[in-house]
Structure formats: C-alpha cells, structure tokens
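Hello,

Here is the structure I promised to pass on to you. Have a look at it first, and then read my notes below.

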Amino acid sequence: MVHIDRLPPLRAMLVLEALQRTGSVTGAARMLNVSHSAVSHQIRMIEEWSGVHLVVRDGRRTILTDAGDSLARVAHDCFNAMRHEMDRLTMRERMPVTIASMPLVTSQWLIGQVEAFMAQNPDISVHVADIPSDRNMSPQPDISILFSLNGDIPAGASPLLSGRAIPVCAPTYLEAHPIGSPADIARARLLHDEDSRMWDLWFATVGLPSRTPGDRGLLFLSGSAMLHDAALKGYGIAICRENLIAEDLRSGRLIAISDVGIDDEAHYFIQPSASEARRRAVMALHDWLLRAARPAAAA
C-alpha cells in the first residue's frame, strides 16, 4: 500500500527540480521568482524530511549529491507529466473522441481512416494518441485498438484486422540478395523486433531450423515501427503484419518474398470505453473503422 505521507513536500520538490535544471541556488531562485534564502530553506526541509543529504556546499556553490540529482530527475519527470497534462486539458474539452493505438497501426492504417471519417463528419473532432507500452493511459481513451495473438478478445470488443504476418523486404535488398527459396531467406540479413518468436515460428512452418541470437547477420530493432522502417530502407528481411503493409505491397515499396505466413489467428481488435460506448460521436467513429476494415478482412 502507498501511504500519502510518503510523498515529500511538493513545493520543496519543485525547488529541488529547479536547482537541478539551473545548476545553482541563484538560478533556481530566479526561475521560481523567490529569494535565495527561500530556496535554501526548501532544500533543508526536504533533506530533513528524507534524512538524506541532497546537496553539498563547495565554496559559494551548492551542488547536488548523487541522491539529490536522482530525486531531482524523478521530480522533473513527474512535474513534466503534470505540465503536459495541463496543456492537454483544454484540448480534451474540445475533442469529443479520443482513439489510441500502437504507433505502426496508427501510421499505416488508422490515421488515413480518421482523415476520411472527419471529411464525412466535419462536426466531430478526433484526438489520435499512441498507446504507451510501459504504463496505463490516463484518462482511458474513448476507443482503443489493441492486439490479440491468439484471437481472443475481451467482451465488448470487435475484431478489426487480421494479424497474419509474412516475410518482406525492399526491392533494393532483393536486387542485391536474390531470394528463391526459404533456405535463401535463412542465409539473409534478418530483422527482428521484440517478438523474437516470429522468425522461429516461420522457420518451423517451412521446415527449417531457426537461427539463434548468436548467429551472424541478425539485426535487432526496438518495436515494429522501427522494424518496418528498416525493411523499407533495404536493411534486410522483416516479418510484418500483412494488413499494416498493404499499401507498401501495392506500391512495390515492399515485396512479399514468400506466401507462407504465420499468426493466422492473431487479430487487431477495437474496443470502445465502457463509459463512452453510447456516445454518438464515439460510436460513429467506431462503426466507421469497422466498416473500413471489412475490405482488408475479406482480402
């Protein structure tokens, strides 16, 4: 259980943050429009509260200790989150529909559908946000687009796009490294994101042994958006979700080098917030996206 009395004096934390940002008591006082002695008083207060020395005096200078610097950086992140949220409050008042999705889904599919929706519904404003991978969104979006590897989706959600994935590469890579068989793919530069099982599963599907992290010629990337970008730039072969690269395949920016796919049961699904499910604007966008996904589902 988190006890509220474990929170330090917030005014003192603001002063500590200012000291870290400006590098001096004088700079902190100027930033906060307070006196030099007020800064020193707040620093003493938080040292007494924590029982830890947060600053040391070096002649006329006041320098943060390692503990002080660490606490100041945490304070900076927290205050920045609050500042950002305050900036967004007025935007939220104007935006009746907030939709959140993973970055690659947003850039490769969602944003175009939202633009088309707004052209037909000029009275509805939309806020498009990324779903953070390391924390919960607050407040919850009106609509979320999420991913299910096994095809199971929660109550109230609807399947949106198939998550089937295939190996692809750029024409420039294929010109330099001709691919005629799965064995050729096994010898190629393979691009990996955090889902390390994808290449293992693909090789098992075609009856070849998987390559290990100790093998040469593997490139590891942080996230599917970076993986997609690396494939477009011709850095190697990636396994990508077919529906998210449909336009790249149509235009020839990416080429499918095998008709063997994996994750046939996987799905992206759309879920309206329970508290917003009956709001006209929310359901208008929700239903529009479901209709837009039907051609992709039928393909």
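These notes cover the nonpolar cores and then one of the sheets. Please keep in mind that this is a predicted model.

Let's start with the largest nonpolar core, which has 24 residues. Which of them touch the most other members? They are Ile99, Trp109, Ile145, Leu160, Leu285 and Leu289. At least two residues of this core come from each of these elements: strands S3 (97-101), S5 (143-148), S6 (158-162) and S12 (267-272), and helices H5 (103-120) and H11 (280-298). Helix H11 contributes the most, with seven residues.

If you set aside its neighbours within four places in sequence, Leu160 is in contact with Trp109, Ile145, Tyr268, Phe269, Ile270, Leu289, Leu290 and Ala293.

Three strands form an open sheet in the order S10-S7-S11, and their pairing is antiparallel. Strands S10 (238-241) and S11 (255-256) are the edge strands, each pairing on one side only. To find your place, look for Val168, which stands opposite Ala238 in S10.

Which helix packs on this sheet? It is H8 (residues 197-206), which touches S7 and S10. The direction of H8 makes about 100° with that of S10.

Enjoy exploring!

Best wishes

Notes:
Residues are numbered from 1 along each chain as its sequence is written. This is a predicted model: local features need pLDDT of at least 70, side-chain atom pairs count only at pLDDT 80 or more; totals for chains, interfaces and linings use all residues. Side-chain values use heavy atoms; hydrogens and water are left out. A nonpolar core is a set of buried Ala, Val, Leu, Ile, Met, Phe, Trp, Tyr and Cys residues joined through side-chain atoms within 4.5 Å. Buried means under 20% relative accessible area, exposed over 50%, partly exposed in between (1.4 Å probe, protein chains only). Helices (H or I, at least four residues) and strands (E, at least two) are DSSP runs, numbered from the N terminus. Contact means heavy atoms within 4.5 Å. Two strands pair if DSSP finds at least two bridges between them. Axes are lines fitted to C-alpha atoms, for helices over the stretch in contact, and angles run from 0 to 180 degrees between N-to-C directions.
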